[in-house]
Each structure stands twice: as C-alpha cells, then as structure tokens.
Amino acid sequence: GQEAMRLGRLTRYSADDAAAAMEVLASSGMEFEHILNGATEAALALAAATGGDVKEAASILAGALSMFGLTGAQAKDAVDGMAAAINNSLMSMSEFRMALQAGGAMAAAYKWEIDEVSTVLGMFAKNGIKGSDAGTQMARMLQYLQGNSKAAKEALAELGIITADGK
C-alpha cells in the first residue's frame with residue numbers, strides 16, 4: 001500500500017497502476033523484498049519509457065530478472081537497456097517480450113548480460129527481425145558461436161569471446 005502510494009506520487013502513474021505492477025511481479029514469484037526495492041519502480045519506468053502497458057512492462061521485467069538472476073535493485077539498469085533497445089529500433093514491448101522468451105534463456109545460459117541481449121535484439125529489430133524471430137536468431141547465433149571444433153574454440157578464445165577452457 002504505502003510503496004504503491006509513494007510511486008503514485010513520484011511517477012506519472014497512479015497508486016493503482018503501481019499496485020497492479022506489484023501484483024504482476026508477485027504473481028511471477030518475485031520475492032516481496034525485490035518488488036519493494038526497485039522492481040516496481042523499474043516496471044513503471046519501462047512502461048513510461050516505451051509508452052507501454054504497466055502490467056506488460058512488469059511481466060517482461062519479472063521474466064528478465066528471473067532469467068538473468070537479477071534482483072529488484074538491479075532492475076533499473078536492466079530497464080535502461082531494454083527501453084533503449086525498444087525505443088531505438090521501433091520494436092514494440094510485445095515484440096521484445098516475444099524475442100526474450102524465444103532466446104533469452106539461451107543467452108542467460110551462455111552467461112550473457114541482459115544489456116547485451118537487449119542490444120542484440122535492438123540491432124535485429126533495426127534490420128526488420130523482431131519478436132520470436134529475433135529471439136530464435138539470437139539463440140542460433142549463440143549456438144554457432146559456441147564452436148564445436150578445436151580450431152573454432154581456439155579462434156573464439158583468441159577473440160576473447162570464450163576463455164581458453166571453452167567457457
């Protein structure tokens with residue numbers, strides 16, 4: 001209640017909007033501490049920056065934080081990258097969500113940061129590849145970059161993409 005009212009005073013959104021974002025974050029399984037310590041405010045910031053729906057922004061943020069193992073305190077930084085990718089590429093928030101669903105888990109498994117993923121998805125969108133197509137293409141790219149041969153692994157290590165032990 002009090003945090004929703006505070007955010008309603010500090011943002012362009014109402015306390016009811018903030019409470020709706022909190023409800024979405026909570027229903028995703030996010031810990032209450034993270035909801036109160038940055039995630040709700042970040043969800044409102046994502047919605048404001050992209051002109052999107054508060055509940056959709058909260059849902060996307062919850063998924064991204066979970067996927068990349070981030071806390072509520074790290075949510076603002078994640079949102080900055082997501083909003084930049086969405087706004088600088090004419091990708092919708094819904095298309096970003098679909099791309100993240102299709103390729104985000106693979107990127108997280110390869111230890112990519114959410115900002116790197118947002119940048120790649122934004123570059124794909126600028127070239128007309130959006131939504132689940134972008135996420136699928138990113139996942140394929142990561143698989144190709146893995147390098148199965150010894151020569152490929154050595155080349156990737158030399159470029160600094162992977163370490164000498166192949167990670």
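Visitor: Which helix is T40 found in?
Guide: This is a predicted model. Follow the chain to residue 40. T40 is found in helix α3.

Visitor: Is T40 buried or exposed?
Guide: Buried means under 20% relative accessible area. T40 has 0% relative accessibility, so T40 counts as buried.

Visitor: What is T40 in contact with, leaving aside its neighbours within four places in sequence?
Guide: T40 sits in helix α3. Leave aside the neighbours within four places in sequence, and T40 is in contact with L7, A18, A21, M22, L25 and I35.

Visitor: How many helices does the chain have?
Guide: The pattern along the sequence reads α-α-α-α-α-α-α-α-α. There are zero strands, and the helices come to nine.

Visitor: What share of the residues of the chain count as buried?
Guide: A residue is buried under 20% relative accessible area. The chain has 167 residues, and the share that count as buried is 39%.

Visitor: Among contacts between residues at least 6 apart in sequence, what share join residues at least 24 apart?
Guide: Start with contacts between residues at least 6 apart in sequence. Then keep those that join residues at least 24 apart. The share is 63%.

Visitor: How many salt bridges are there?
Guide: Side chains of opposite charge can pair when their charged atoms come close. The cut-off here is 4 Å, from a side-chain nitrogen of Lys or Arg to a carboxyl oxygen of Asp or Glu. By this rule the count of salt bridges is four.

Visitor: Where do E3 and R6 lie?
Guide: The side chains of E3 and R6 meet in a salt bridge, at 2.9 Å from N to O. The two residues are three apart, about one turn of the helix. Residues three or four places apart point the same way, because an α-helix has 3.6 residues a turn. Both E3 and R6 lie in helix α1, residues 2-10.

Visitor: Which helices hold E56 and R97?
Guide: E56 forms a salt bridge with R97, and their closest N and O atoms are 3.7 Å apart. The pair ties together parts that are 41 residues apart in sequence, because E56 lies in helix α4 and R97 in helix α6.

Visitor: Which residues do salt bridges that share partners join into one network?
Guide: R6 has a salt bridge with E3. R6 also has a salt bridge with E41. The network therefore joins E3, R6 and E41.

Visitor: What span does α4 reach from its first C-alpha to its last?
Guide: Helix α4 has 14 residues. At 1.5 Å a residue, 20 Å is expected. The span is close to that, at 20 Å.

Visitor: What do the buried residues of α4 pack against?
Guide: The buried residues of α4 are V54, A57, A58, I60, L61, A62, A64 and L65. They pack against α2, α3, α5, α6 and α7.

Visitor: Which residue has a side-chain oxygen that reaches the backbone nitrogen of K55?
Guide: Look at the start of α4. A side-chain oxygen there reaches to within 3.0 Å of the backbone nitrogen of K55, and it belongs to D53.

Visitor: Where does the largest share of the lining of the second largest pocket come from?
Guide: This pocket has a volume of about 180 Å³. Its lining includes A62, G63, L65 and S66. The largest share, four residues, comes from α4.

Visitor: What is the phi of L90?
Guide: Most residues other than glycine have a negative phi. L90 lies in the loop between α5 and α6. L90 is not a glycine, yet its phi is positive, at about 60°.

Visitor: Is K111 buried or exposed?
Guide: K111 lies in the loop between α6 and α7. Its phi is positive, near 70°. Exposed means over 50%. K111 has 68% relative accessibility, so K111 counts as exposed.

Conventions
Residues are numbered from 1 along each chain as its sequence is written. This is a predicted model: local features need pLDDT of at least 70, side-chain atom pairs count only at pLDDT 80 or more; totals for chains, interfaces and linings use all residues. Side-chain values use heavy atoms; hydrogens and water are left out. Buried means under 20% relative accessible area, exposed over 50%, partly exposed in between (1.4 Å probe, protein chains only). Contact means heavy atoms within 4.5 Å. The expected span of a helix is 1.5 Å times one less than its number of residues. A polar contact is a pair of N or O atoms within 3.5 Å; within protein, one must be able to donate a hydrogen and the other to accept it, and residues adjacent in sequence count only if both atoms are side-chain atoms. On a 1 Å grid over the protein atoms alone, a cavity is a set of points where a 1.4 Å probe fits but cannot get out, and a pocket is an open set with protein on both sides within 12 Å along at least five of seven lines; lining residues have an atom within 4 Å of a point. Grid points are joined across faces, edges and corners, and a volume is the space filled by probe spheres set on the points.
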